[in-house]
Amino acid sequence: MAAIDRHAIEAIGLKGSLLMENAGRAVSERLFSLLNEEDRIGVIIGKGNNGGDGFVIARYLIDKGYNTEVWLIPEEDAIKGDALEHMRIYKNAGGSIRSLPAEGWEAFKNAMERWTVLVDALLGTGVKGAPRAPYDEVIRLINRSPAKVIAVDLPSGVPAVGGAFEHEAVQADHTFTLQCPKLAQYTFPARHFYGRTEVLDIGIPKAALAAVLGEEKRTLWTWRDVERTFPIRARAAHKGDHGKGLIVAGSKNMPGAAALAVRAASRAGAGLLTASVPESVRAIIGAQAPEAMYADIDWERPSEAERQLSRYDAVAFGPGVGRSGETERRLLTLLEAYHGPLIIDADGLYFLRAHLDRLTKRGAPVILTPHAGEMARLIGGSIDKVENDRFGLSRRFAAEYGVHLVLKGPYTIVTTPEGRQFVNATGNPGLAKGGSGDVLTGILLGFVMQHARLHEAVCNAVFLHGAAADRLVERRHAMSAILPSDLIAELANVIPSIATTCCYLTSD
């Protein structure tokens, strides 16, 4: 964001003070909708650009007649640049400032006790590490206050890039993020501090974003993206047009995983679906997914397996296959003998760690769908290492091995081999249940065979998987009671909500 600001100012010619005005106005306009006439508002201001935004916000609040009090934490002569200009404008417009250095802690604490709403304009995105005195103490007092806390851009003390941190940060009820989301909004523990979030446009031209971010940009995948990219079925379509898929799944002890993946792939629109499962599992799948067919792949003879696998447009491997030597042999056969899109999940990922070098030798796409624990095994590291650098680690891994990586969890990240990253914001803790990943694998298989672009298929699968869970909760389904099979049924309600928008039948 610092580089984007510089480009907008230096290359395009926008004034920094104008961007600050835009930011403060945008926050103020949204803030008005959260306020009551009786609210007593405190705006706490630091010395950087975040503080400058605070002066603009305070000016708009006072102009609207709200009972507003501004407290400046540093000395006035510490305010520089655009923030200084807006401090002067605020004063010229009749605003007054109370100063912590001048009045002391007791006066500041007494003032905080009167506030019902507190605006955090203390520290911005440029702050690194733990806040220093007196900011650390101010943050502690904010967190003890009963007032509703509104953070400007990000809660003070939260590192903008996310990752682990142990110091105290502002616990906001609502955060208004300026222009672009910050990585911290989609990683934990940082996300816990944001409360409800909303991204506000502050007028930075798209040219500035493109000049700085280029093709490396990260994108939040939204309903609009799903509607834009969801495949349209032709009126004369037949089952062969929508893919012949194979799911290699299931074992004696985990037949349900195979059934879930098969049912999800069928619900996701796969034209023809075949399951390669143990004989003992077929009756279970047949009872739950009668649409599926079955195949006996000759895994012992790679040349014969290659011939059999060539019939399929995409293959998914892993749900419930177990961790036997047979699972590893099948994985190696698929990596060498199958030449189409390959989705690897669950126990398939368990054995992949020893064979990562084979990924770079495949000429066809590979999609990996690890959760944090599985990702830790793939890199030979810890779960903390994964969680502390989800974006960076995903990008490096996907580029090194040439895969599409779906790093699952809250705010699943989809990363392409070229380094493009797409963040998913659908889903809820109801997905934290065994079998949810098997459902996603099935949806992925169905979508990969129907979408023209692979990353769009993957992003839409992840999005709708989460959207099904969200829809269940919206319909008063208890979050803790969501079953993976519920997600499959709910797909029938989620997908048509898109289809009615973009998959209409044209007259001919």
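Two strands are taken to pair if DSSP finds at least two bridges between them. The model is predicted: local features need pLDDT of at least 70, side-chain atom pairs count only at pLDDT 80 or more, and totals for chains, interfaces and linings use all residues. Residues are numbered from 1 along each chain as its sequence is written, and side-chain values use heavy atoms, without hydrogens or water.

**View A. Strand β1 and its partner β4.** Strand β1 spans residues 40-45 and pairs with strand β4 (residues 117-121) in the parallel sense over five bridges. Strands are DSSP runs of E with at least two residues, helices runs of H or I with at least four, numbered from the N terminus. In this pairing, V43 stands opposite V119.

**View B. The β-α-β unit.** Strand β1, helix α3 (residues 49-63) and strand β2 form a right-handed β-α-β unit. Six bridges join β1 to β2 (residues 67-72), and the two run parallel. V43 stands opposite V70 in β2.

**View C. Lining of the second largest pocket.** The lining comprises 41 residues, and H371, K408, G409, L431 and A432 lie nearest the pocket centre. A pocket is an open set of points on a 1 Å grid over the protein atoms alone, where a 1.4 Å probe fits, with protein on both sides within 12 Å along at least five of seven lines; lining residues have an atom within 4 Å of a point. Helices α14 (347-352), α15 (372-379), α18 (436-448) and α19 (454-474) each supply at least two residues of this lining.

Technical notes: Buried < 20%, exposed > 50% of the residue type's maximum accessible area, 1.4 Å probe, protein only. Right-handed = clockwise from strand over helix to strand, strands pointing away.
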